[in-house]
Amino acid sequence: MRVGGIMATLADLPDSVILEIFSYLSVRDRIRLSRVCHRWRRLVDDRWLWRHVDLTVYRMRPKIMWHLLRRYMASRVQSLRLGGYLSSGSQAPPQLSPALMRALGQKCPNLKCLCLHGADLSMVPITSLPCTLRTLELHSCEISMAWLLKGQDPTVLPLLECIVLDRVPAFRDEHLQGLMRFRALRSLVLGGTYRVTETGLDASLQELSYLQRLEVLGCALSADSTLLSISRHLRDVQKIRLTVTGLSVPGLSVLEGMPALESLCLQVPHMTPEMPSPAEIVSSCLTMPKLRVLELQGLEWDGQEAERILCQGLPHCLVIIRACPKESIDWWL
């Protein structure tokens, strides 16, 4: 880079620019850079750089994790991603310990978002999670049967606003009903939770009527029954994202008149003869007074005629038509 005809080096860049560059690097590379010079050591130690930490790509020993926690994260970290690979030996199964979870709560008072990937939490009680969390994401994790069950301590995670449960095999109707103890909960994402039934979802949404965002993706639930439960119990929901296998015109029509719905995303992995036409979708959406975003994924309509009908029929909406995202073993990849 040239400044005033003179070639500028990395040392000429202001701290704010170098910090922005460092923020794109992995944790391991940041720590290595701290050994380059005194200035970079000071920058690597900057609080701003450790607000968001991703450790999912590492298989590390507990000793290293504890060092990161004490030396770099502590009161700085606001969001943390962990793979369940904090084990004492390379052949030991991935696991996160209750002691680590309690330490996060004690040493990281500003931690608001915790994302756990591929972790065995069967021996980790939910009471050990940091009480400051506002978002909890579990991806391909194992949980004990005691997790989230109804009737447990209502003071656990009092600030929790969003929970993502993706490919959590043990999660079932009883756990879903137990979510009602999180009175601050406003966003719920269920992905591949095949043990949840239509009856269980309906009963749970009746108690979770204060939800503002609901996503139900890749579950063994019919689209029509899911939409019926939403229309009956979630009158204040603002965002809906669903996998709509077997969606019919009567099924979509139950959403007509939803007073607060702002964003509607329908994933259609397989087209069926019962699927509403573009004109029928427009007719239903026009009855939703606050709808501003309509996203349709996977619809195999021929040509651009369908998109034209939707865009012209819903001029007040952002209409997005795209392919369904590719499925992977791990949802976050």
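Strand S9, helix H6 (residues 173-178) and strand S10 make a right-handed β-α-β unit. A crossover counts as right-handed if, with the strands pointing away from the viewer, the path from the first strand over the helix to the second runs clockwise. Helices (H or I, at least four residues) and strands (E, at least two) are DSSP runs, numbered from the N terminus. The model is predicted: local features need pLDDT of at least 70, side-chain atom pairs count only at pLDDT 80 or more, and totals for chains, interfaces and linings use all residues. Residues are numbered from 1 along each chain as its sequence is written, and side-chain values use heavy atoms, with hydrogens and water left out.

S10, helix H7 (residues 198-207) and S11 also make a right-handed β-α-β unit. Strand S9 (residues 162-166) pairs with S10 in the parallel sense over five bridges. Two strands pair if DSSP finds at least two bridges between them. Leucine 165 has leucine 190 of S10 as its bridge partner. S10 pairs with strand S11 (residues 213-217) in the parallel sense, again over five bridges. Here the bridge partner of leucine 188 is leucine 214 of S11.S10 (residues 187-191) is mostly covered, with five of its five residues buried. Buried means under 20% relative accessible area, exposed over 50%, and partly exposed in between (1.4 Å probe, protein chains only). In a regular strand the side chains alternate between the two faces of the sheet. Ser187, Val189 and Gly191 are buried on one side of S10, and Leu188 and Leu190 are buried on the other.

At 9% relative accessibility, leucine 221 counts as buried. Leaving aside neighbours within four places in sequence, leucine 221 is in contact (heavy atoms within 4.5 Å) with Val196, Thr197, Glu198, Leu201, Val216 and Thr226. The C-alpha atoms of leucine 221 and threonine 199 are separated by 9.8 Å. These two residues are 22 residues apart along the chain.

Helix H4 (residues 62-73) has Met65, Leu68, Leu69, Tyr72 and Met73 buried. Seen down the axis of H4, these buried residues fall within an arc of 120°, so they line one face of the helix. The arc is that of the directions from the helix axis to the C-beta atoms. Lys63 and Arg70, on the other side of H4, are exposed. The cover over the buried residues of H4 includes helix H2 (27-33), helix H3 (38-44) and helix H5 (98-107). It also includes strand S3 (52-55) and strand S4 (79-83).

Two residues other than glycine with positive phi were noted. At 21% relative accessibility, alanine 74 counts as partly exposed. Leucine 157 has a phi near 50°. Leucine 157 is found in the loop between strand S8 (142-143) and S9. Leucine 157 is buried, with a relative accessible area of 2%.

A search of the whole structure finds two aromatic pairs. Rings of Phe, Tyr and Trp (its six-membered ring) pair if their centres lie within 6.5 Å; planes under 30 degrees apart count as stacked, over 60 as edge-to-face and the rest as tilted. Phenylalanine 22 and tryptophan 40 form an edge-to-face pair, at 5.4 Å centre to centre and with 80° between the planes. This pair links distant parts of the chain: phenylalanine 22 is in helix H1 (residues 15-22) and tryptophan 40 is in helix H3, 18 residues apart. Phenylalanine 22 is buried, with a relative accessible area of 3%. Tryptophan 40 is buried as well, at 14%.

Tryptophan 50 and tyrosine 72 form a stacked pair, at 4.7 Å centre to centre and with 25° between the planes. This pair also links distant parts of the chain, 22 residues apart. Tryptophan 50 is in the loop between H3 and S3, and tyrosine 72 is in helix H4. Tryptophan 50 is buried, with a relative accessible area of 1%. Tyrosine 72 is buried at 7%.
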